[in-house]
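Colleague: I have the sequence and the model open. Can you walk me through them?

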Amino acid sequence: MTQHASPPRDSTGKVPSAGAAPAWRGLMARADVRTLSLLGVLAALILIGGITKPDEFLDTRNLQLVLTQGSVIGVVTVGMTFVITSGGIDLSVGAIVALASVWATTVATQEYGFAGILFTAVIVGVACGLVNGVLIAYGAMVPFIATLAMLASARGLALQITDGKTQIVTIPSVLDLGERDAYVLGIPPLVMVFAVVTIIGWLILNRTTFGRRTVAVGGNAEAARLAGIDVRRQRLYLYLLSGLCCGIAAFMLIILSGSGQNTNGNLYELDAIAAAIIGGTLLSGGRGTITGSVLGVLIFTTITNIFALNNLQSDVQQIAKGAIIVAAVLVQRRTASTT
Amino acid sequence: MPELTSRRGLLFGTAAMGAGALLVGCTSNESDDEPAANDQPAADDKPGKEVTIGFAGPQADHGWLNAINDNAKSRAKKYSDVTLEITEGSNDTAAQIGQIETLINKKVDVLVVLPADGKALTQVGLKAMRANIPVINLDRIFNTPQAYRCWIGGDNYGMGLNAGHYIGEKLKGKADATVIELAGLDNLELTQQRTQGFDDALKNYPNIKKVARQAAEFTVESGQAKMAQLLQAQSKFDALWNHDDDQGVGALRAIEQAGRDDFLMVGGAGALSAFQAIKKDDGVLKATVLYPPTMAASAIDLARALGQSKGVGGMAEFEIPASITLYSAVVDKDNVDQYMPTGFK
């Protein structure tokens, strides 16, 4: 954890203003090793899946399934990666997904059809993100506390709206997007959304001023402020971004499950944080990688898939998941430190 | 009002079962005289002594629990002699203990408690009983019978058993039949009981083999996710038992998305959407096994009878029974109309 005091880096871990070529190359290689080790873990998992269940695992339908199941949490994780990179945390993502999904599926909203559902889901997500952002940036609240408060109230409001009931979606145009007929060239629409969000997220983090500012704020907020960055406004935007991702994810979840329920998005915050961390984003901020986060999500989804295909029960699944998180982080640290 | 008759029927039928041993004693009375028990005071719809019933339940965060609250409220409203003191539901043990203590201090006549956690709330049940406020323990059972006067609840083992028997009969004569199970939250004892019952029932049918089981979390989202995996894992099977109709909404979505219809599905709990699908009979869902939320209405009946020092109609005793286990009926196309009004959203 020596990175704390180091100057701001961008997502690949290099110092932006690096003039010293050897150091630059060393850091670059380190980042690549990190990604490579994740790809290695994923390859090992694919090998295990392929050996234990060749017919079911190595199947186009299964690839579609794994990517679809990972797409909702994947979009949330992209937003989370930005927040963590800036040194923050968003514990409210699961609750925001729940609130947005139930608000967007009330009888009243469904009267407005496809557009009404999409609009409501996104707006509710953004609005929750706005509240988080204002509390943290301008209310000077600790992100942990502010988003924990949002978690509680958003879940509560979701429960109040649904009254604990499952809201079933009856709009055909929404439901159809989750069916096989909607696949384009074999790619499910939800997976396309995930891909687009990932690409945009990668571009923003790595190729824009906004991305560099995010990394700078996470690396050293005071230095960033002295360098002329409006740290508070940057933080506000970041929680807005996370809220927006939650809104999109809520709409995707509505398509996937054909309903809205106040229990939606259960423990998404932990899944998203875990995926970002094993992907290589630094929990203390200053370094973030969208590629790593997406690989993290895919690793988790693949594990779940292999376990289910092999009919292993939830107790074994949970134990193994914990062990794999620890193993993945240890392997990463080892490979990163030996180069 | 078919709704009321069916609920009463359910109550009385199951009450008789729960106290079956006692009834045997009465039926063996071969005297020509009218049995003395015939004129025991049974609680009926006529107004009697005023009773204040305190009701404390967990937070109604899903359909079944919400139906529990609705059933209790509407049943209490039916009786002009019943005042219902209902607390804000809570999943927090400490908060629920506080609420029940408030009801004790208010000196309600009878308490109906559906604990968020049965074991953790035993002490407050004991406290009420010691304060001479009889407790009707609803569904999640206290640690000791001293903490309640009467327990009434569903039969998780029986749910699995009846689901297994229904599937067993449907697949009778089919050689090498396979079934899969979409269980509920594995952390809960009730999920283990449901699975145990299901497995025990299947032992009666040597031609059937359970080939896969995955646990969802009683939510639509988890039902969709786990079912999608199960369908990918099992390219062919004959029947599916899903523990819970709420997660069943998600499971049905996954089945639709995978374009599968080559098996029969049995649900659990008794949600309205499941009843409607069974009635329509155009999908895989052919039946559901009840875990009736009407038990809350029955609990109000029992509490009222207790408050008025009466027994329950249809039974010979002067008192209400100490324990009532409800029957997990199988609802399929043939009897779904009867149960439709009890379906919860």
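**Sheets, a glycine and an interface**

Modeller: Start with chain B. Strand 6 (residues 150-153) and strand 13 of chain B pair in the parallel sense, over 3 bridges. Keep in mind that this is a predicted model.

Colleague: Which residue is the bridge partner of B:Ile152 in strand 13 of chain B?

Modeller: B:Ile324 is the partner there.

Colleague: What sheet do those strands belong to, and in what order do its strands run?

Modeller: An open sheet of 6 strands in chain B, in the order 3-2-4-5-6-13, with parallel pairing. Its edge strands are strand 3 (82-86) and strand 13 (323-325) of chain B, and each pairs on one side only. Neighbouring strands are turned by 20 degrees against each other on average, direction ignored.

Colleague: Where does helix 5 of chain B lie?

Modeller: Helix 5 (residues 122-130) of chain B lies across strand 4 (110-113) and strand 5 (135-138) of chain B. The helix runs at about 155 degrees to strand 5 of chain B.

Colleague: How many bridges link strand 7 and strand 8 of chain B?

Modeller: They pair over 7 bridges, in the parallel sense. One example: B:Glu181 has B:Arg213 in strand 8 of chain B as its bridge partner.

Colleague: Where is B:Gly184 found?

Modeller: B:Gly184 sits in the loop between strand 7 (177-183) and helix 7 (189-202) of chain B.

Colleague: Is B:Gly184 buried or exposed, and why?

Modeller: Buried, because 26 other C-beta atoms lie within 10 Å, and the cut-off for buried is 20 or more.

Colleague: Which residues does B:Gly184 touch?

Modeller: Leaving out residues up to four places away in sequence, the contacts are B:Thr191, B:Ala215, B:Ala216, B:Phe218, B:His243, B:Asp244 and B:Gln247.

Colleague: What separates the C-alpha atoms of B:Gly184 and B:Tyr327?

Modeller: 20 Å, with the two residues 143 apart along the chain.

Colleague: How is chain B divided into domains?

Modeller: Domain 1 covers 2-154 + 293-326, and domain 2 covers 156-290. Their contact takes 4 residues from domain 1 and 5 residues from domain 2 of chain B. On the domain 1 side, the residues divide into 1 nonpolar, 3 polar and no charged.

Colleague: What is the secondary structure of chain A?

Modeller: 15 helices and 2 strands. Of its 339 residues, 53% count as buried.

Colleague: What pLDDT does chain A average?

Modeller: The average is 88, and 89% of the residues score at least 70. Over residues 1-20 of chain A, however, pLDDT is below 50. That stretch has 44 contacts in the model beyond near neighbours in sequence.

Key. Residues are numbered from 1 along each chain as its sequence is written. Chains are lettered from A and ligands numbered from 1 in the order in which they are written. This is a predicted model: local features need pLDDT of at least 70, side-chain atom pairs count only at pLDDT 80 or more; totals for chains, interfaces and linings use all residues. Helices (H or I, at least four residues) and strands (E, at least two) are DSSP runs, numbered from the N terminus. A residue is buried if 20 or more other C-beta atoms lie within 10 Å of its own, exposed if 12 or fewer, and partly exposed in between; C-beta atoms are placed from the backbone. Two residues are in contact if their C-beta atoms, placed from the backbone, lie within 7 Å. Domain bounds come from an automatic or database domain assignment. Ala, Val, Leu, Ile, Met, Phe, Trp, Tyr, Cys and Pro count as nonpolar, Asp, Glu, Lys and Arg as charged, and the others, Gly among them, as polar. pLDDT is the predictor's confidence in each residue, from 0 to 100. Two strands pair if DSSP finds at least two bridges between them. Axes are lines fitted to C-alpha atoms, for helices over the stretch in contact, and angles run from 0 to 180 degrees between N-to-C directions.
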